[in-house]
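This report concerns the fold, the helix packing and the ligand surroundings of one model. The sequence and structure are displayed first.

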Amino acid sequence: MTRTSSQFVLTARVLHWLMALMIVSMLFIGVGLVTSVSERHAWLLAIHKPLGIAIFVLAVVRLIVRLRNPPPPLPADLPAIQKLAAYASHYLLYALMLTIPLVGWAMLSAGGYPVMLSHSLRLPPIFPVNATAFAVLRHAHAWLAALLLLTFLAHMGAALYHGLIRRDGVLSSMIGTRHELE
Ligand code: HEM
């Protein structure tokens, strides 16, 4: 009898829910950043940078965990177009989790700003100082974050569709309440 794992491994599940919380916080903090001019701006930025770098590091760890532990298969009766949408949105989420922090870091480097993770920990610049590049990267950071928000909303909608309408075990495979498949 062959046993196929029906749920994500524990590390993948912990990383998934931890990063979901961090990313939603980041989107709110990002919007708070561009809408506040008081001393709160510096305070938000001091959280935004290290949290963004932590998201990048965890995304790399998550990618390694994902490559070492293939996820449970999608239900066999799921229409091909929905399977395609699921795979495409997952690739896009990984790409955005890796790209947005790098663009944020490159943007500050291009603007000549120090990227401080704490009072004493300074990251090296990853882009030469260049005003035009700073402006382009600033826009790219905002647009990619907007794309992340849209992809995240679609992902949440799909999770609820699987959990509440299809009830096919896809959502519980990430919550960790799904039983093993025989
Ligand atoms: C997943 C990670 C990240 C997300 C989701 C994110 C999201 C955002 C969002 C939504 C904004 C507001 C954009 C706008 O409407 O103009 C923003 C602004 C900004 N982000 Fe990020 N960000 C991330 C990582 C980073 C990192 C790693 C850095 C730097 C090391 C960074 C630096 C900045 C800066 C400097 C601003 C502009 C603040 C201002 O204009 O006052 N971000 N970010």
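The end C-alpha atoms of residues 10-176 lie 8 Å apart, and this span is 77% helix and 2% strand. Here helices (H or I, at least four residues) and strands (E, at least two) are DSSP runs, numbered from the N terminus. UniProt positions follow the numbering used here, feature names are shortened, and annotations may be inferred rather than shown by experiment.

The model is predicted; local features need pLDDT of at least 70, side-chain atom pairs count only at pLDDT 80 or more, and totals for chains, interfaces and linings use all residues. Residues are numbered from 1 along each chain as its sequence is written. The protein chain has an average pLDDT (the predictor's confidence in each residue, from 0 to 100) of 93, and 96% of the residues score at least 70. Among the elements of the chain, helix 3 has the highest mean pLDDT, 98, whereas strand 1 (residues 115-116) has the lowest, 90.

Five helices and two strands make up the secondary structure of the protein chain, in the sequence pattern α-α-α-β-β-α-α. Along the principal axes, the C-alpha atoms fill a box of roughly 60 × 30 × 25 Å.

The unreviewed UniProt entry lists residues 14-35, 42-65, 85-108 and 143-164 under "transmembrane region". Residues 14-35 are 100% helix and 0% strand, with end C-alpha atoms 32 Å apart. Residues 85-108 are likewise 100% helix and 0% strand, and their end C-alpha atoms lie 34 Å apart.

Two helix pairs are tabulated below. Axes are lines fitted to C-alpha atoms, for helices over the stretch in contact, and angles run from 0 to 180 degrees between N-to-C directions.

| Helix pair | Axes come within | Crossing angle |
|---|---|---|
| Helix 1 and helix 2 | 9 Å | roughly 150° |
| Helix 3 and helix 4 | 9 Å | roughly 155° |

The angle between helix 1 and helix 2 makes them roughly antiparallel, a term for angles over 145 degrees. Their crossing is left-handed, meaning that the near helix is turned anticlockwise from the far one by less than a right angle. By class, the contact of helix 1 with helix 2 has 17 nonpolar, seven polar and two charged residues. Ala, Val, Leu, Ile, Met, Phe, Trp, Tyr, Cys and Pro count as nonpolar, Asp, Glu, Lys and Arg as charged, and the others, Gly among them, as polar.

Helix 3 is roughly antiparallel to helix 4, and passes helix 4 in a left-handed crossing. The contact of helix 3 with helix 4 has 19 nonpolar residues, six polar and one charged.

Which residues are closest to the ligand? They are G30, G52, G104, A142 and A145, in a shell of 22 residues; a residue counts as near if its C-beta atom, placed from the backbone, lies within 6 Å. Helix 1 (10-35), helix 2 (40-68), helix 3 (80-110) and helix 4 (131-166) each supply at least two shell residues. The largest share, seven residues, comes from helix 1. By class, the shell around the ligand has 16 nonpolar, five polar and one charged residue.

Conventions. Parallel < 35°, antiparallel > 145°, perpendicular 65-115°, else oblique.
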